[in-house]
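Take a look at the structure below.

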Amino acid sequence: MKKKIAAIDIGTTKVCTIMGVLDSTSGLRVLGVGIAPSHGIEKALVADATKAKESIKESIRKAEVMAGYKLDSAYIGVTGRHMGSTNSKGTVAITGAGVVRDEDMKRALNVALNIKINEEQKILHVIPRSYRLDGQEVKNPVGMNGSELEIEVHIITASTASVQNLTGIIKGLNVSIEDLILEPLASAEAVLAEEEKLAGVLIADIGGGTTDIAIVKDGSIYHSSVIPAAGQQITNDLVVGLGLNFDLAEEMKKRYGTLVPTGENADQDRTVGENGKNVNFSALCEIMQARVEEIIRLIILDIPGERAGGLIPAGIVLTGGCANIPGIAQVAEKLTRLPVRIGTPITLSGVSIDALSDPAYATSVGLILYSMKNKGTSNWFTKRKGFMGFLDQVLAIFR
Ligand SMILES: Nc1ncnc2c1ncn2[C@@H]1O[C@H](COP(=O)(O)OP(=O)(O)OP(=O)(O)O)[C@@H](O)[C@H]1O
Ligand SMILES: [Mg+2]
């Protein structure tokens, strides 16, 4: 059976639409990719709806032209400072004959979901982390004997208004929304290895407007958050520090910026640039170094608990456009004393689009992978119809 699938990543600097088909035997095949510069989005939020709509429209149109059909519905990535996350537990006594039934699972979930959420926030994702039966961890308690069931879930919330600003635009383009996906979850899907997810790993997607963080441990999400600082702040520092306009600063950053100036590059008086627009190379690198270090420190501060080494022994995976800055992994390793690597998204089958094999497209690729997984039977909620219905009610508000 074939099913169409699509995802749109609306970033601060670019919009990326990926369209494809999901075949029950051969998996995903990408048929169209559309990348367009993003306008009207600031720190991952809609700042100018008209401009944002144009950018999204252009990205969709490009993907449609390549795929040869119209986009009807898509999964949409969401992120931003308004997102919240927490782990919550629900414990219930097993009634009946002491055998766990769907009803007990539902009651335990209800208890876990009974948390205090800001009025303007709504639940976006509920991801089961673990189940315990009489204190013993089990994979799937349904049908097992016990007297007390505990369920732990990771709950992700989003501001209703921020999400609706985005969904309004998509709907205005006649594209219906299959579901909303938190971007750090998507990025994690595209770049993390299974072993890392089991051991405990932090992924930081340093994009244009936001740094999206997720900690994955024991194979499931443990922590997620969004820091409103990323590549555009680095560029802004260069604007101020070197007296350049934004576009030139952006170009200088990408073309010459490095955190590991070596050999002749390290010469203090060296200038870079052309057409009379030269800047001092070491000043450029020092300014970038300072802001990158700050972003890394903010990532460290965001790690819950005291012992990062215990929580994330597999270390840190950096992705997003800023992961392209030469030397960023070394800087992060020095500051965190953890292993750090750069995460490039896995290659999708179908039309070959080289641009996607860049850390900047971790979220875009991850969105389609995540949605594919959720169309399958990867988690307990989707496997059990009753729960899916229940969750649907909880999440319906966003659709
Ligand atoms: N080689 C490079 N050196 C320095 N910075 C780079 C390089 N390549 C990309 N970047 C920066 O990466 C940023 C864009 O990253 P990305 O495409 O992941 O962001 P986005 O998805 O549009 O935004 P966000 O996810 O924050 O909303 C820009 O600030 C860009 O300057
Ligand atoms: Mg992004």
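Helices H6 and H7 are roughly perpendicular to each other. The reason lies in the angle: their axes cross at roughly 110°, and angles from 65 to 115 degrees count as roughly perpendicular. Keep in mind that this is a predicted model. H6 covers residues 231-242 and H7 covers residues 246-256. Their axes come within 9 Å. In handedness, the crossing of H6 past H7 is right-handed.

Which residues make this contact? From H6 come Gly-231, Gln-232, Ile-234, Thr-235, Asn-236, Leu-238 and Val-239. From H7 come Phe-246, Ala-249, Glu-250 and Lys-253. Sorted by class, the residues where H6 meets H7 are five nonpolar, four polar and two charged.

Why give both an angle and a distance? Two packed helices are described by the angle between their axes and by the distance between those axes.

Turn to H1, residues 49-67, and H3, residues 160-172. Here the axes come within 10 Å and cross at roughly 50°. That angle makes H1 oblique to H3. This crossing is right-handed. On the H1 side, the contact uses Ala-49, Ala-52, Lys-53 and Ile-56. On the H3 side, it uses Ile-169, Ile-170 and Gly-172. The classes here are five nonpolar, one polar and one charged.

Now leave the helices and look at some loops. Find Ala-44, in the loop between strand S4 (41-42) and strand S5 (45-46). Its backbone has a positive phi of about 70°, although Ala-44 is not a glycine. Is Ala-44 buried or exposed? Ala-44 has a relative accessible area of 14%, so it is buried. The cut-off for buried is under 20%.

Asp-134 also has a positive phi without being a glycine, and its value is about 50°. Asp-134 sits in the loop between strand S8 (121-133) and strand S9 (136-138). Its relative accessibility is 44%, so Asp-134 counts as partly exposed.

Thr-79 lies between strand S6 (73-78) and strand S7 (84-93). Thr-79 is buried, at 5% relative accessibility. What does Thr-79 touch, leaving out residues up to four places away in sequence? Its contacts are Ala-44, Leu-45, Glu-183, Pro-184, Thr-210, Asp-212 and Val-226. Now compare a residue from elsewhere in the chain. Arg-270 is 191 residues apart from Thr-79 along the chain, and their C-alpha atoms are separated by 40 Å.

Finish with the cysteines. How many disulfides are there? The count comes to zero. Consider Cys-285. A disulfide needs the two sulfur atoms within 2.5 Å. Seen from the other end, Cys-322 is in no disulfide, and its nearest cysteine sulfur is that of Cys-285. Are these cysteines buried or exposed? Cys-285 is buried, at 5% relative accessibility. Cys-322 is buried too, with a relative accessible area of 7%.

Definitions and conventions. Residues numbered from 1 in each chain as written. Chains lettered and ligands numbered in written order. Predicted model: local features only at pLDDT ≥ 70, side-chain atom pairs only at ≥ 80, totals over all residues. Heavy atoms only, no water. Buried < 20%, exposed > 50% of the residue type's maximum accessible area, 1.4 Å probe, protein only. Helix = DSSP H or I, 4+ residues; strand = E, 2+ residues; numbered from the N terminus. Axes fitted to C-alpha atoms, helices over the stretch in contact; angles between N-to-C directions. Parallel < 35°, antiparallel > 145°, perpendicular 65-115°, else oblique. Left-handed = near helix turned anticlockwise from the far one by under 90°. Contact = heavy atoms within 4.5 Å. Nonpolar A, V, L, I, M, F, W, Y, C, P; charged D, E, K, R; others polar.
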